[in-house]
Amino acid sequence: MSLADKLARTEALLKDIAAKHGKVALANSFGAEDMVLTHLIATLKLPIGIFSLDTGRLPVETYTLMQQVGERYPAYPIRVYYPDASALEAYVNQNGINAFYNSVELRKSCCHIRKIEPLKRALSGLEGWITGLRRQQSLTRVDLPEAEFDADNGLMKYNPLLDWTEKEVWEYIRANDVPYNSLHDKHVPSIGCAPCTRPIAVGEDIRAGRWWWENPDSKECGLHVKASPLKRPE
């Protein structure tokens, strides 16, 4: 399937999502895929909200892009959610500021406080949410469906760029002058919190720079991990 065909399919899916749900939003972490979706939503003038999670430890380049996005797409202000201050204070005071390096358990606890709990607040009251997940991104994402019921959060979840390749994402970004995170120009294809993100070497998997001290099969922050089986819509 060509990029033109995939683009047409993605646009049709976004329009269908907006028509089906009164309250739906894109989760924008300011990666390349999320910027493609942000641009499409704004270009198509769809009634889809946009939110982001500020963990408190994002790279400065991400904050710079966040400001640029607000200026480029003023009709689509991004709602930002933050970690609960008391929970974060307790974690840091008990475990240390960089405890996530010490074990997978501590890293996932940090992700839960900085990402999972704020996400649940962000999704509260919505009927559906949209992500920039692609099957090609990692071993943990190869079996993702385009649409599924997110039983953990009680709403529909959509992945409109599921079958796009990295090359196609960047082809679209360059053709449409979509703003993007400058860390991508420094060999950082997957961007999360600053302490948990590094550049990758030639030939490495695109998510090799995320939590690089862990095994590939555990490399998820929990935002897209299913505690309950997710169901494809009938």
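What share of the contacts in the protein chain with a separation of 6 or more comes from residues 24 or more positions apart? The share is 71%, where a contact means heavy atoms within 4.5 Å. This is a predicted model: local features need pLDDT of at least 70, side-chain atom pairs count only at pLDDT 80 or more, and totals for chains, interfaces and linings use all residues. Residues are numbered from 1 along each chain as its sequence is written, and side-chain values use heavy atoms, with hydrogens and water left out.

**Overall make-up**

- The protein chain holds six helices and six strands. Both are DSSP runs numbered from the N terminus: helices are H or I with at least four residues, strands are E with at least two.
- Along the sequence the elements follow the pattern α-β-α-β-α-β-α-α-β-β-β-α.
- The protein chain has 234 residues, and 51% of them count as buried. Buried means under 20% relative accessible area, exposed means over 50%, and partly exposed lies in between (1.4 Å probe, protein chains only).
- The accessible surface of the protein chain is about 11500 Å². Carbon and sulfur atoms contribute 53% of that surface. The areas come from the Shrake-Rupley method with a 1.4 Å probe; for residues, only the protein chains shown count as cover.

**The sheet**

- Six strands form an open sheet. Their order is β3-β2-β1-β4-β6-β5, and the pairing is mixed. Two strands pair if DSSP finds at least two bridges between them.
- The edge strands are β3 (78–81) and β5 (147–150), each pairing on one side only.
- From one strand to the next, the twist averages 30°. Axes here are lines fitted to C-alpha atoms, for helices over the stretch in contact, and angles run from 0 to 180 degrees between N-to-C directions.
- β4 and β6 are parallel and share three bridges. Ile130 stands opposite Tyr158 of β6.
- β5 and β6 run antiparallel, joined by four bridges. Phe149 has Met156 of β6 as its bridge partner, and Asp150 stands opposite Leu155 of β6.
- The hairpin of β5 and β6 has four residues between the strands. In this hairpin Gly154 takes a positive phi near 75°.

**Helix α1**

- Helix α1 covers residues 3–20, 18 residues in total. From first C-alpha to last it reaches 25 Å, close to the 26 Å expected at 1.5 Å a residue. The expected span is 1.5 Å times one less than the number of residues.
- Its buried residues are Leu3, Lys6, Thr10, Leu13, Leu14, Ile17 and Ala18. Seen down the axis of α1, they fall within an arc of 135°, so they line one face of the helix. The arc is that of the directions from the helix axis to the C-beta atoms.
- An α-helix has 3.6 residues a turn, so residues three or four places apart point the same way.
- The face turned away from the buried side of α1 carries the exposed residues Ala4, Ala19 and Lys20.

**Two contact sites**

- Thr10 lies in helix α1. Thr10 is buried, with a relative accessible area of 2%.
- Leaving out residues up to four places away in sequence, Thr10 touches Leu37, Leu40, Pro160, Leu161 and Trp164.
- Glu146 sits in the loop between β4 and β5. At 21% relative accessibility, Glu146 is partly exposed.
- Beyond its neighbours within four places in sequence, Glu146 is in contact with Arg9, Leu13, Lys157, Tyr158, Asn159 and Leu162.
- Glu146 and Leu161 are 15 residues apart in sequence, and their C-alpha atoms are 8.2 Å apart in space.

- Phe30 is not a glycine, yet has a positive phi of about 70°. Phe30 is placed in the loop between β1 and α2. With 1% relative accessibility, Phe30 counts as buried.
- Asp177 is not a glycine either, and has a positive phi of about 50°. Asp177 lies in the segment after α6. With 57% relative accessibility, Asp177 counts as exposed.
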